Amino acid sequence: MSDTEQAPKGLMQRILDVVEKAGNLVPHPVLIFLSLILIVIALSHVLYLAGVNHTFQAIVPEGTDASAAKGEYTQLYDYGTKVEYDTLQDKHYKIEKQSISVRSLVSFEGIRFIYSSLIPNFMSFTAVGLMIVAMVGAGVAEASGLVNALIRKLVIVSPRWALIYILSFVGILSSVAADAGYLVLIPLAGTAFLSIGRHPIAGLALGFAAVAGAFTVNMLIKPLDAVLVEFTTDAIALVDPTLTIGLASNLWFSIASVIVLTILLAVITERVIEPRMGKYDIALAGDNPPNVEQGALSVDESRGLLYAGLALLATLVIFGLLTLPSGAPLRHPDTDVLIGNSPFMNGLIALIMILFLVTGAAYGFGARTMNSLTDIIKSMEKAMSGLGGLILLFLVLSQFIAYFNYTNMGTILALKLAELLAAANFPALLLLIGFIIVVALIDFLITGAIAKWALFAPIFVPLLMALAVAPEAVLAAYRVADSPINTITPLNAYFALVVGFAQKYDKNAGVGTVVSMMLPYVILTFVVWTALFAAWHLLGIPWGL
C-alpha cells in the first residue's frame with residue numbers, strides 16, 4: 001500500500017489492515033508448512049490411539065476389490081488439480097460402503113510412507129509441472145515485449161472502464177484451461193492495471209478472484225464437468241438407477257453465474273480493493289521496479305504485433321487440422337469428442353505454452369527485441385531462474401498435503417460434518433445452504449473440487465432427492481461452495497505464487513497482504529452467489545440442458 005494521504009478508513013478497511021499486518025508477521029511459508037507437518041504427525045498418532053474411524057458410502061472405480069478401491073479412493077482424494085480429470089474421466093464408478101480410520105504417521109507403516117514417498121509426493125504435485133511448462137512460453141512472450149504491447153493495445157482500443165470487466169470475464173473463463181489461468185491471467189491483470197496507472201496488486205487480486213474464486217463455472221463445457229457429472233450420476237443411482245444427468249445439466253446456472261460474478265468482482269475491485277490500496281508508488285518494488293510503458297505503439301512494436309498475429313493464425317490452423325476433422329489425432333480415439341474428455345482438452349497447457357512461445361518469438365523478431373534463437377532460449381532461462389523459491393515451497397507443501405491425506409483426518413472430518421448436517425432435518429433450501437457452508441469450510445483443508453465431491457455426492461444427492469430436490473440443484477450448490485475459499489486457503493497450490501506476484505510490486509507484501517485483499521471477494525462472492533442460487537431454486541428456473 002502507498003503512503004499517500006487517504007480519506008479516513010471505515011471499519012471494514014481497518015479490519016483488513018489488521019488482517020494484513022497480522023498475516024505478514026507469520027514466518028516464511030516454508031516454515032509454516034514444516035510446522036504444520038509436525039502438528040499433523042503428532043495429531044495423527046493421538047487420533048490413531050483414540051481409534052477414530054468412520055463408515056461411509058464412497059464412489060470407487062468399478063472392477064476393484066475393497067482394498068484396491070481404498071487405494072484408488074486415496075489417490076483420488078490426494079490430488080486436487082488437473083491430473084484428476086485427465087486420468088479419471090475414462091473410468092466407471094460405483095457406490096460402495098467403506099470404513100476408514102485415522103492412520104498414524106508415527107507407526108511403522110507411517111514412517112515407511114514418509115521415508116519412501118518424498119519424491120513421489122513432489123512429482124505427483126501437478127502444479128509444479130504446469131507452472132514450469134507455462135513459464136517456458138510466458139517467459140518468451142514477456143521478454144520479447146509481447147505482453148506489454150498487447151496490454152497497451154488493449155488499453156488503446158477499449159474504454160478505460162471496460163478493462164476491469166474484460167479481465168474479470170476472461171479470468172473466469174480461463175478455468176476451461178484448468179490451472180493455466182493462475183500462471184497467465186493473474187500476472188497479466190497486474191501488468192494491465194499498472195499500464196493504466198492503477199494499483200497493480202489490485203489487478204492481481206481481481207485476477208486471483210476471477211480464476212480461483214469462480215473456478216467451477218464457465219460458459220463452456222470443460223473436463224472438470226465430466227467427472228462431477230459422473231460422480232453425481234453414480235450417487236443418483238442409490239435412489240433411482242434409471243435417472244442420469246448430462247454434461248450441460250448446470251449450463252444455464254453456470255452462464256448466469258459467470259455474468260453475475262464478472263460484474264461483482266469488478267465492482268468489488270473498484271469500490272473496495274482499489275480505495276484501500278491507494279495510489280501505487282513504484283518505489284515499493286525496491287531495487288527492481290516493474291517496467292512501465294504507456295502511450296502509442298512504435299513502428300517496430302506494431303510490426304511485432306503483426307508478426308505475432310500471423311504466427312498465431314498459423315498455429316491455430318495447425319491445431320485446427322489436429323482437432324477439427326472427424327478422427328483427428330487430438331480427438332478422443334473412441335468417442336471422437338473434442339470438448340470434454342479428449343487429448344486436446346487434457347493437454348491444453350501445451351497449446352497455451354506453444355501459443356505464447358510462437359507468438360512471443362514472432363513478436364521479438366518483428367519488433368527487433370530478439371535477434372536469434374539464443375535470445376529465445378535466454379528468455380526461457382530467465383523465466384526459470386526466478387522459480388527456485390517457489391519450487392522449494394512446493395516441495396514442502398506437497399509433503400504436507402500427502403501426509404495430511406495419508407492420515408485420513410480430512411476425509412473423516414468432512415464426512416462427520418456432512419452427516420451432522422444431514423441429521424439436522426432442515427427444509428430443503430436450508431439444507432442446501434447448510435451444504436454450501438460445510439463444503440466451503442472443508443475447502444480450507446481439501447482444495448480439490450473432485451476430491452470433495454467424491455466425499456459429499458453419495459451423502460447429499462440421495463438425501464436431497466428424498467426431499468424432492470433435483471440432483472442438478474445439488475451439483476449447482478456444490479459449484480457455489482467449492483470456489484470462493486480457494487483464494488484465501490494456503491493449501492491452494494497457487495496461493496504462494498500469488499504472494500510472489502505481489503512481491504514483484506511491493507517487496508514487503510506477504511501472506512497477510514494477499515489474505516486481506518481477498519477477504520472482501522470471498523465474503524461478497526459467497527453471499528451474492530448463494531443468494532443467486534437460492535433465488536434460482538425458489539423460482540424453479542431450469543439449471544441446464
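Which residues are linked with Arg-198 in a network of salt bridges? Glu-270 and Glu-274 are the partners of Arg-198 in that network. A salt bridge here is a side-chain nitrogen of Lys or Arg within 4 Å of a carboxyl oxygen of Asp or Glu. The model is predicted, so local features need pLDDT of at least 70 and side-chain atom pairs count only at pLDDT 80 or more, while totals for chains, interfaces and linings use all residues. Residues are numbered from 1 along each chain as its sequence is written, and side-chain values use heavy atoms, with hydrogens and water left out.

Arg-198 also lies over the face of Phe-193, at 4.9 Å from the ring centre. The criterion for a charge over a ring is that NZ of Lys or CZ of Arg is within 6 Å of the ring centre and within 35 degrees of the ring normal. Another such contact puts the charged end of Arg-103 over the ring of Tyr-406, 3.9 Å from its centre.

Side chains of opposite charge can pair when their charged atoms come close. The whole structure holds eight salt bridges. One of them joins Glu-142 to Lys-504, with the closest N and O atoms 3.7 Å apart. Glu-142 is in helix α7 (residues 126-144) and Lys-504 in helix α23 (residues 495-505), so this pair ties together parts that are 362 residues apart in sequence. Helices are DSSP runs (H or I, at least four residues), numbered from the N terminus. Lys-504 is partly exposed, at 36% relative accessible area; buried means under 20%, exposed over 50%, and partly exposed in between (1.4 Å probe, protein chains only).

Asp-300 and Arg-303 meet in a salt bridge at 2.5 Å, N to O. Both lie in helix α14 (residues 299-323), three residues apart, about one turn of the helix. Asp-300 is partly exposed at 28%, and Arg-303 is partly exposed at 22%. Lys-452 and Asp-443 form a salt bridge with their closest N and O atoms 2.8 Å apart. Here Lys-452 is buried at 0% relative accessible area, and Asp-443 is also buried at 0%.

Next come the aromatic rings. There are 18 aromatic pairs in the structure, counted when ring centres of Phe, Tyr and Trp (its six-membered ring) lie within 6.5 Å; planes under 30 degrees apart are stacked, over 60 edge-to-face and the rest tilted. The rings of Phe-435 and Phe-456 have centres 6.1 Å apart and planes at 90°, so this pair is edge-to-face. Phe-435 belongs to helix α20 (residues 428-442) and Phe-456 to helix α21 (residues 449-465), 21 residues apart. Phe-435 is buried at 0%, as is Phe-456 at 0%. Phe-435 and Phe-460 form a tilted pair, because their centres are 4.5 Å apart and their planes stand at 45°. Ring pairs link Phe-435, Trp-453, Phe-456, Phe-460 and Tyr-478 into a cluster.

Helix α12 (residues 223-236) has 14 residues and reaches 21 Å from its first C-alpha to its last, close to the 20 Å expected at 1.5 Å a residue, a span taken as 1.5 Å times one less than the number of residues. Of its 14 residues, 13 are buried, so α12 is largely enclosed by the rest of the structure.

Conventions. Helices (H or I, at least four residues) and strands (E, at least two) are DSSP runs, numbered from the N terminus.
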